[in-house]
Amino acid sequence: MRIARIAHSEGFAYAALGDADGQEVALEIAEQPFVKPTFSGRKWPLADVRLLAPVLPTKVVCIGKNYADHAREMGGEPPADPVMFIKPSTSVIGPNAAIKLPADSSRVDFEGELAVVIGQPCKDVPAEKAASVIFGYTIGNDVTARDQQKADGQWTRGKGHDSFCPLGPWVETQLKAEDLAIRTELDGEVKQDSRTSLLLHDIPELIEWITRVMTLLPGDVILTGTPAGVGPMKDGQSVSVTVEGIGTLTNPVVTK
């Protein structure tokens, strides 16, 4: 099932996306989607609504250098343990919303990633039970002010700007994520092309690692890492991240 957040003529809603009478529609979910959804009965043609970030996370937990080729392109060897950092909830934007380049950065990079969406409160989850706390999967872009990341020696400023965490276009709840193609294009030119089977630390391991430290809540997001090929974006360009079985997340790039 594809679950989205939408803006419609009367406000905002979670919705399941499907087909009705040969037309793509958004079926309004009455409450939160993280348990078995109930439907209000209202629906809209998908063409008449706007897709928003599919969830409102309290936090986005990110994993750095989780593909060996990316670790090496950043000038180091792959880490033995997951490297964890957090993006603030205010960095989240949805599909087609603008990535805004800060005036005090000279280089802002794209980083296409598979994103895991958590479906229930969880702490100290063993890897073998990780699947039970996953709501589904979406696509993320770990936008990074590379010069600020390098200057600071830690990553909060360089990765925490408003608009630096595009998510979407929806959550796919029925997906096996162990070996999916992931591709990033800048103005239609392929920049990243890999598979999730090359993750150094797989998703169950990441959930175990993260939940040793913090409680994850419904709607929280884990960005699983980016493959090699990261690079800068400029005003007027468009970046698209495609993950097999989910779809494509596209965002324009503008100067703030």
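Which residues does UniProt assign to the feature "domain: Fumarylacetoacetase-like C-terminal"? In the predicted model examined here, the unreviewed UniProt entry places this feature at residues 59–254. The span is 14% helix and 38% strand, and its end C-alpha atoms lie 25 Å apart.

Eight of the eight residues of strand 12 are buried, so the strand is largely enclosed by the rest of the structure.

A separation of 7.2 Å was computed between the C-alpha atoms of Gly 136 and Ile 118, residues that are 18 positions apart along the chain.

The largest nonpolar core contains 39 residues, and those with the most contacts inside it are Ile 6, Leu 114, Tyr 137, Ile 203, Ile 207 and Leu 216. Elements giving two or more residues to this core include strand 1 (2–8), strand 2 (11–20), strand 11 (112–118), strand 12 and strand 19 (238–243). Helix 4 gives the most, with four residues. Leu 216, one of the residues with the most contacts inside the core, is in contact with Lys 59, Val 61, Ile 118, Gln 120, Pro 121, Cys 122, Ile 210, Thr 211 and Ile 222, when neighbours within four places in sequence are left aside. Another core, of 19 residues, lies apart from the largest one and has Ile 29, Phe 135, Cys 165 and Leu 223 among its members. In soluble globular proteins, nonpolar side chains tend to be buried together.

A further buried position occurs in a loop. His 161 is found between helix 3 (156–160) and strand 14 (165–172), and its relative accessible area is 15%. Because this value falls under 20%, His 161 counts as buried. Apart from neighbours within four places in sequence, the contacts of His 161 are Ser 91, Pro 102, Asp 104, Gln 148 and Lys 256.

Terms used. Residues numbered from 1 in each chain as written. Predicted model: local features only at pLDDT ≥ 70, side-chain atom pairs only at ≥ 80, totals over all residues. Heavy atoms only, no water. UniProt positions renumbered as here; feature names shortened; annotations may be inferred. Buried < 20%, exposed > 50% of the residue type's maximum accessible area, 1.4 Å probe, protein only. Contact = heavy atoms within 4.5 Å. Core = buried A, V, L, I, M, F, W, Y, C linked by side-chain atoms within 4.5 Å.
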